[in-house]
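Hello,

Here is the structure we talked about. Please open it alongside this note, which goes through what turned up.

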Amino acid sequence: MAEWNTFYRNEEDEEDQEEGEQSGDYKATGRDSLVFLVDASKEMFIKGEDGQPSNFDMTMQVVRSVYASKIISSHRDLMALVFYGTEQSKNPRNSFKHVYVYHDLDEPGAKRVQDVDALRGDKGAQLAAETMGSGETSLGDALWCCANLYSDIKLRLSHKRLMIFTCRDEPHGSDGAKDRQARTKAGDLKETGVVVNLMHLMKPGGFDVATFFRDVISPPEDESELGLQLEPCDKLEDLKKRVRAKEQKKRAMARMNLCLGEGLNVAVGIYATAVTARKPAPIRLYRETNEPVRSKTRTFHTQTGSLLLPSEIKKSQVYGKKQIVMERDEVDAIKKFEDPGMSLIGFKPMAKLKRHHHIRPAVFLYPEEDEVKGSACLFSALLTKCSERNVFALCRCVARRNFPPRFVALVPQKEEVGEGKVQISPPGFHVIYLPYADDMRTLDPPQFPTASQRQVDKMKEIVSKLRFKYRSDAFENPVIQQQYRNLEALALDMMAPEDIDDLIMPKVDQIDNRLGPLVQEFRDLVYPDGYNPENKAAAKRKTADTGGGAEKKPKVEVAEDELRAHAQNGTLGKLTVPVLKDACKRFGVRTTGTKKQELIDALIAQLGK
Amino acid sequence: MAGGKAALVLCMDVGFSMSNSAPGEESPFELAKKVIQKFVQRQVFAETKDELALVLFGTDSTKNSLDRDGQYQNITVHRHLMVPDFQLLEEIENEIHPESQQADWLDALVVCMDLLKTGTQGKKCDRVNISLLTDLNTPANSEQLDVIIENLKKANITLQFFLPFPAEDDEEDGGDADRRSPGRPGTGKGLSREQQSGLDMVKHVMLTLNEEDGLDEIYSFRKAVEQLCMFKCIEKRPTAWPCLLTIGSCLPIRIVGYKAVTEERLKKSWTTVDAQTNQKDDVKRETVYCLDDDNETEVQKDDTIQGFRYGSDIVPFSKVDQEQMKYKHDGKCFAVLGFTKQNLVRRHHFMGTQVMKVFPAKEDEHAGIALSALVRALDGLNMAAIVRYAYNSISSPQVGAAFPCIKKDYECLIYVQLPFMEDLRQFTFPSLENNKKFTPSDKQLSAVDSLIDSMMLVEEEGDDNGDQKDMFKVHHLPNPAFQRHFQCLHHRGVSPGAPLPPMEPWLKAALERPHVITERCRGPLEEVKRTFPLTEVEKKKKLKTSAQIFGKDSEEPDAKKAKGDEEEEEEDDYNFADIAEGSVTSVGSVNPAKDFRLLIKKKSLPFGEVCQQLTGRIEQLLGNKNTPYYMKSITCIQAFREQSVKLGEANLYNGYLQSLKRSIPNRGLEVFWELLVQDAITLISKDEVEGSTVSKTDADQFLVSEEKKEEAAAPPVEDTGDVDDLLDMM
């Protein structure tokens with residue numbers, strides 16, 4: 001256990017740091033919100049060819065997956081699900097006809113996931129028909145209703161997005177007044193900062209965005225985003241991808257200057273594109289009511305019991321038997337080298353970026369034209385040239401206030417666009433953190449003879465049999481998935497949690513099948529008869545265990561003068577806890593504690609007499 | 001126990017020649033003292049159990065166990081083998097001064113060896129090392145040299161030399177160049193005869209002890225202080241992680257993993273002490289739990305249970321249940337899931353905080369060959385293994401990549417963690433290339449091109465062997481945060497009253513761009529500056545916050561005085577939420593009433609103008625003839641009235657309402673009027689606002705009498721108002 005702790009200590013520290021960053025962000029900017037505005041007209045329920053799911057069904061699957069992922073990744077975001085073109089009406093003041101607010105703008109929970117689940121498939125279509133039905137369409141009213149949802153929220157919203165899912169490019173037929181009203185309402189929404197996106201679905205004869213929706217949706221976020229030319233979605237995966245790309249609001253972890261030289265500052269934003277997702281932290285609940293309790297931490301004086309002000313506290317460390325005391329702000333000041341920012345040191349060929357120089361996940365750099373005008377152009381030129389010449393930029397980086405500097409490699413990445421005009425990789429620099437000398441451990445690599453060509457070739461056959469295309473998003477974290485399945489089961493009173501697929505479990509049977517006789521052939525080439533790597537490991541451990549036990553025993557006896565010498569030299573710490581305990585016994589020292597330092601202190605007190 | 005302890009002797013020359021220096025340069029004595037301080041400092045702060053002794057030579061007095069018959073004179077054993085502590089640091093700081101004698105450095109070496117011999121008797125020491133710091137300016141008697149070397153070898157003692165000058169002329173070109181000192185101190189003067197012969201002896205000793213790398217253990221003072229990298233060789237070795245690498249069920253290879261690269265952290269953290277007594281025990285921290293009610297009722301920790309959030313739901317979930325239901329696995333493993341092309345595993349997808357090197361199990365030649373086959377096969381195919389890795393049964397399993405790594409004297413796999421789907425955030429960013437606004441011109445591109453040329457940190461070496469010289473190796477730099485941390489702790493420990501010292505100049509310089517580059521890139525930087533106009537955009541954000549503060553400070557006290565509690569609460573409500581949004585500059589169509597209130601509050605526009613904007617919106621809304629629009633209009637009129645009363649400005653409102661009433665029949669807005677009557681929104685009377693020309697009764701009549709007077713009512717001011725007129729009136 002102790003070993004495990006030391007091994008994972010760093011990760012925990014890291015966690016604190018990351019958490020700090022995230023919560024800081026939230027405070028500064030408020031909550032994100034997303035409204036799904038879904039067409040519930042008859043057309044949406046028409047099933048595709050070959051039993052393809054209907055557009056409505058597909059939409060519900062997407063909504064469900066977004067709900068579920070939000071619960072895991074950002075449960076504080078607000079979501080709403082609104083249907084339009086329904087027969088029945090349900091909205092806060094019931095002032096709009098044919099608009100059905102299925103879920104008000106709120107944090108998604110287990111119940112909501114269940115609700116959406118109920119709308120999936122054939123049964124779902126039936127349920128939708130029963131509860132909502134299909135009726136007249138007034139997109140204007142629907143949009144207005146959504147606007148009210150936003151304005152009823154008392155929380156501060158940082159990012160507001162509305163997605164319209166429909167397969168009808170002329171929702172109002174030829175009713176010009178309704179079209180006009182919808183456009184006005186869309187305009188109002190956009191004016192309040194709501195980004196309106198269209199997730200248009202397949203329709204016989206093709207979906208023409210230009211006839212109506214062009215004026216309803218928000219203009220593309222930049223000129224090149226060819227939003228309007230997008231083909232309608234007909235595949236679930238595509239739709240999921242498209243929704244996902246829009247649904248996550250990118251938020252800069254930090255904005256700073258990239259200083260190329262004196263007076264030459266490019267404004268950049270730093271984005272975390274991969275952050276280790278962790279099991280959520282538990283919260284404390286009051287036993288009686290299950291309501292969350294808040295925790296307050298206070299610092300007080302042991303003797304007087306009075307609360308201590310920050311000015312009445314100092315920080316201290318003990319080293320080499322000496323206490324060193326500093327003011328709290330001095331502790332911060334030590335860490336400060338310079339203000340946050342990046343300073344260019346120079347460039348190196350990509351080959352100089354070693355694979356094993358890795359200490360933490362990379363972040364992403366993109367220009368902030370809003371801060372310094374001209375940044376994007378210079379950034380773009382740097383990006384073009386760095387990637388053309390296959391070099392990276394080496395920078396000194398201070399990520400935030402009172403952070404000591406780290407060196408980073410800025411690795412260029414050109415934009416890549418895939419099928420369906422979905423951006424696969426955005427343009428910008430990856431920021432790779434580089435290790436200092438202290439971070440490199442010295443190892444004594446064991447030396448062995450190398451394998452012969454025949455052995456290598458046999459292994460190559462094995463490797464080739466087991467090749468696959470790695471995708472970074474192919475593996476779910478079984479630990480987190482299990483935790484959420486458990487919570488889901490408890491939240492929804494399910495009998496047992498759903499089973500998870502452990503995707504990072506090797507498919508042993510398949511592997512064995514594929515390899516067939518190759519394994520034995522390789523073993524014959526490499527391992528001699530009677531060599532069993534598994535047995536040997538086990539056997540060795542056993543002997544090591546007994547040997548270790550036998551070795552430890554005689555150590556317990558330590559001569560008195562030796563103990564005294566240790567006490568004098570301040571080297572008692574070198575002895576093991578059992579030895580120290582034994583010594584305490586022999587000297588008649590009574591100790592209450594079992595911690596090493598307590599034992600040492602007690603011994604020193606005794607021997608010093 | 002990983003790694004045994006070490007016994008080290010620092011042996012420093014304090015003789016008179018050590019204080020000689022060229023003007024403006026630090027003397028060898030000062031530099032050597034710094035090296036020792038740094039070294040001891042690091043040992044103290046690393047809290048190693050290694051024992052350390054300090055021997056000075058060239059001292060005025062003599063104090064050592066070999067002192068006999070005038071032999072081994074002027075050599076002082078300052079401190080015997082002991083775990084270094086702060087006292088030693090203080091002694092070095094305050095008690096070590098240049099002295100006026102000289103002593104043979106070989107004699108000093110013998111004293112050190114003797115000290116080690118007696119000091120380590122009966123102890124298990126992994127490493128025994130002597131570090132000798134001298135300028136070699138005393139003649140040394142080389143008669144015993146071979147005996148000494150023999151004894152060093154026998155006792156397995158390693159040697160390090162620290163000299164004021166580099167041992168080899170080409171030292172600086174070999175590895176890391178010293179970038180910042182064009183005229184190197186210590187080298188220019190040339191060596192004295194004693195120094196030259198001393199240096200030859202040193203080289204002889206070192207090469208006899210270690211044929212290959214002996215000379216690598218001779219350092220110059222300056223370099224030692226700057227890099228401190230040599231201290232790494234006396235650090236602890238990382239713990240071994242033995243495991244089985246498996247491919248399917250039948251192909252296991254015995255391996256052992258070591259953490260090779262990981263972000264090192266300071267081992268100690270700060271404890272909180274009372275400012276007066278400096279006692280930790282005087283300060284107590286306590287966490288209490290309280291309900292989220294008005295009284296913040298405290299509850300006992302025992303009365304709380306553990307729960308989790310599932311979105312908006314809160315699920316009680318006890319530790320026991322959690323333990324039982326959590327994901328369980330078989331523990332320690334390094335299992336291959338499959339193999340993939342190396343280029344599919346992108347560098348920026350590396351996760352986690354460490355890199356592990358995987359070697360064959362110790363003393364298992366068969367494992368060695370098996371792993372070698374795998375490493376070479378992967379390397380030949382340019383592939384990597386994707387593996388499931390679990391450190392032990394308590395830790396969470398990971399997915400990661402194992403890359404082949406073939407070095408001159410070993411082969412291994414390099415394991416790095418890869419992301420789970422949950423870790424990734426798929427952000428899209430606007431294209432830079434396809435955006436005409438941001439496309440750099442050819443001229444701009446070539447300016448960047450020459451900037452890169454001038455700032456290349458890696459250069460091809462002149463000769464044709466293709467060697468490269470890297471001017472800035474980050475992984476050779478000590479972590480500046482540690483250096484600074486220990487410098488400050490050291491300083492505070494030695495002189496508790498003094499303020500923190502400034503940053504050491506060498507440390508500052510080590511973090512900067514190499515001097516050569518700074519010189520070389522000056523021109524290209526200017527060119528980039530010329531071709532790329534950069535203008536800092538005035539921070540709107542900042543203005544917003546200051547407006548917020550301003551608004552709060554100047555208005556709130558007034559508002560509090562003037563209004564009742566209820567109203568005030570409402571005020572606060574939008575104060576924080578809405579002013580913060582800050583973007584309202586005119587009455588919009590979405591929430592005109594709210595905008596109107598806000599604008600009035602902000603006083604950024606004249607009252608009349610804001611009213612005009614509002615009535616404009618009302619007219620627009622009424623154009624729609626639909627109940628929801630009517631309702632919205634009514635809230636606008638309510639807001640209009642309320643603000644007018646508040647400001648004591650009745651006329652604009654009354655005028656508007658009167659003309660609105662007149663226009664009702666023409667515009668067919670009877671339904672709307674009824675709603676207005678229902679809500680009893682009428683004119684502002686004298687009773688409410690002094691300046692009003694309408695009496696209380698008139699105001700009451702205004703709505704009631706409508707129906708009766710329908711025909712008779714003669715418009716007092718104007719004829720049937722059409723929309724434009726209404727607006728012009730304001």
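Please keep in mind that this is a predicted model. I start with a helix pair in chain A. Helix α2 (residues 55-73) of chain A packs against helix α11 (residues 478-491) of chain A at an angle of about 105°, and their axes are 11 Å apart. Angles of 65 to 115 degrees count as roughly perpendicular, so α2(A) is roughly perpendicular to α11(A). On the α2(A) side, the contact is made by A:R64, A:I71 and A:I72. From α11(A) come A:I480, A:Q481, A:Y484 and A:E488. By class, that contact has 4 nonpolar, 1 polar and 2 charged residues.

Next, a helix pair in chain B. Helix α20 (residues 651-667) of chain B and helix α21 (residues 670-678) of chain B pack at an angle of about 140°, with 9 Å between their axes. The two helices, α20(B) and α21(B), are therefore oblique to each other. Here α20(B) brings B:L657, B:L660, B:K661, B:I664 and B:P665 to the contact. Its partner α21(B) brings B:E670, B:F672, B:W673 and B:L676.

Now the interface between the chains. How much area do chain B and chain A bury between them? The figure is about 22,000 Å², with 61% of it on carbon and sulfur atoms. Chain B puts 221 residues into the contact, and chain A puts in 225 residues.

Polar links cross this interface too. Between chain B and chain A, 73 residue pairs are in polar contact, counting pairs with both residues at pLDDT 80 or more. On the side of chain B that touches chain A, helix α9 (residues 365-381) of chain B gives the most, with 14 residues. By class, that side of chain B has 113 nonpolar, 47 polar and 61 charged residues.

Last, the salt bridges. Over all chains, the whole structure has 47 salt bridges. Across the interface of chain B and chain A, there are 14 salt bridges. Two pairs to look up:

- A:K385 and B:D449 meet through their side chains in a salt bridge, at 3.5 Å, N to O. This pair crosses between chains, from helix α9 (residues 375-389) of chain A to helix α10 (residues 442-454) of chain B.
- A:E330 and B:R492 also form a side-chain salt bridge, at 2.9 Å, N to O.

Best wishes

Technical notes. Residues numbered from 1 in each chain as written. Chains lettered and ligands numbered in written order. Predicted model: local features only at pLDDT ≥ 70, side-chain atom pairs only at ≥ 80, totals over all residues. Heavy atoms only, no water. Axes fitted to C-alpha atoms, helices over the stretch in contact; angles between N-to-C directions. Helix = DSSP H or I, 4+ residues; strand = E, 2+ residues; numbered from the N terminus. Parallel < 35°, antiparallel > 145°, perpendicular 65-115°, else oblique. Contact = heavy atoms within 4.5 Å. Nonpolar A, V, L, I, M, F, W, Y, C, P; charged D, E, K, R; others polar. Buried area = accessible area lost by both parts, 1.4 Å probe. Salt bridge = Lys/Arg side-chain N within 4 Å of Asp/Glu carboxyl O. Polar contact = N/O pair within 3.5 Å; in protein donor to acceptor, adjacent residues only side chain to side chain.
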